[in-house]
Amino acid sequence: MEGPIIPDATAWGILFWGIAYLAVLHLLARREARPRRLTEAELLVKLARMGPHSEYEIFQLAAEDWIVSRQQVDDDFKTYLQEDRIPYYVNGYLRKRGSGEDNRYRSPFLLGGGSLPWLK
């Protein structure tokens, strides 16, 4: 079996387009890997996992600043569990607690990515 390993320009074209495709995938992956701020729900989970308080206790702590009744806190927590809606007083509490630079998310699945927020 003698002759060139890659016999014609068609094979070179396939090789070129394959490398170009991989380069585009790499650029798109790098764009997705840029850090972004955590959403309120992600920040709530992070604070609950890293701190001494559960998510329900964070709702109660936030309600103390806004003078919200216990029944309202219970109803809002049920709504949060069912519909993922975070009430205004918890958002305010999260903004105060989550103003640090460490509250950025980087995907753990891409090269050079970060870790899950609560594993930092």
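**Reading the labels in a predicted helical model**

User: Which residues does Asn-91 touch, leaving aside those up to four places away in sequence?
Analyst: Asn-91 touches Glu-40 and Ile-86 once residues up to four places away in sequence are left out. The model is predicted. Asn-91 lies in helix H5, residues 88–97.

User: Why is Asn-91 called buried?
Analyst: Buried means under 20% relative accessible area. Asn-91 has a relative accessible area of 16%, so Asn-91 is buried. In H5, the buried residues include Tyr-89, Val-90 and Asn-91. The cover over the buried residues of H5 includes H2, H3 and H4.

User: What does Tyr-89 contact, leaving aside neighbours within four places in sequence?
Analyst: With those neighbours set aside, the contacts of Tyr-89 include Phe-59, Trp-66, Val-73 and Asp-76. Tyr-89 is also among the residues with the most contacts inside the largest nonpolar core, which has 19 residues. Helices H2 (40–50), H3 (55–66), H4 (70–83) and H5 each give two or more residues to this core. H2 supplies the largest share, 5 residues.

User: What makes the pair of Phe-59 and Phe-77 edge-to-face?
Analyst: Two rings pair if their centres lie within 6.5 Å, and planes over 60 degrees apart count as edge-to-face. For Phe-59 and Phe-77 the centres are 5.1 Å apart and the angle between the planes is 80 degrees, so the pair is edge-to-face. The pair links distant parts of the chain, with Phe-59 in helix H3 and Phe-77 in helix H4, 18 residues apart. Both Phe-59 and Phe-77 are buried.

User: Why is the pair of Phe-77 and Tyr-80 called tilted?
Analyst: Planes under 30 degrees apart count as stacked, over 60 as edge-to-face and the rest as tilted. The planes of Phe-77 and Tyr-80 are 40 degrees apart, with 5.9 Å centre to centre, so this pair is tilted. Phe-77 and Tyr-80 are 3 residues apart in helix H4, which means about one helical turn between them. Ring pairs link Tyr-56, Phe-59, Phe-77 and Tyr-80 into a cluster.

User: How do you know that Asp-65 and Lys-96 form a salt bridge?
Analyst: A salt bridge needs a side-chain nitrogen of Lys or Arg within 4 Å of a carboxyl oxygen of Asp or Glu. The closest N and O atoms of Asp-65 and Lys-96 are 3.5 Å apart, so the pair qualifies. Asp-65 is in helix H3 and Lys-96 in helix H5, 31 residues apart.

User: What makes Lys-96 exposed and Asp-65 partly exposed?
Analyst: Exposed means over 50% relative accessible area, and partly exposed lies between that and the buried limit of 20%. Lys-96 has 58%, so Lys-96 is exposed. Asp-65 has 48%, so Asp-65 is partly exposed.

User: Arg-49 and Glu-55 also meet in a salt bridge; which accessibility class does Arg-49 have, and which does Glu-55 have?
Analyst: The N to O distance of this salt bridge is 3.7 Å. Arg-49, with a relative accessible area of 53%, is exposed. Glu-55, at 14% relative accessibility, counts as buried.

User: Why is Val-24 called partly exposed?
Analyst: Val-24 has 46% relative accessibility, which falls between 20% and 50%, so Val-24 counts as partly exposed. Val-24 is in helix H1, residues 9–32. Together with Tyr-21, Leu-22, Leu-25 and Leu-28, Val-24 forms a nonpolar surface patch with about 500 Å² of accessible area.

Definitions and conventions. Residues numbered from 1 in each chain as written. Predicted model: local features only at pLDDT ≥ 70, side-chain atom pairs only at ≥ 80, totals over all residues. Heavy atoms only, no water. Helix = DSSP H or I, 4+ residues; strand = E, 2+ residues; numbered from the N terminus. Buried < 20%, exposed > 50% of the residue type's maximum accessible area, 1.4 Å probe, protein only. Contact = heavy atoms within 4.5 Å. Patch = residues over 30% accessible without salt bridge, like charges linked within 9 Å, V, L, I, M, F, W, Y side chains within 5 Å. Areas by Shrake-Rupley, 256 points an atom, 1.4 Å probe, with all protein chains shown as cover. Core = buried A, V, L, I, M, F, W, Y, C linked by side-chain atoms within 4.5 Å. Phe/Tyr/Trp six-rings, centres within 6.5 Å; stacked < 30°, edge-to-face > 60°.
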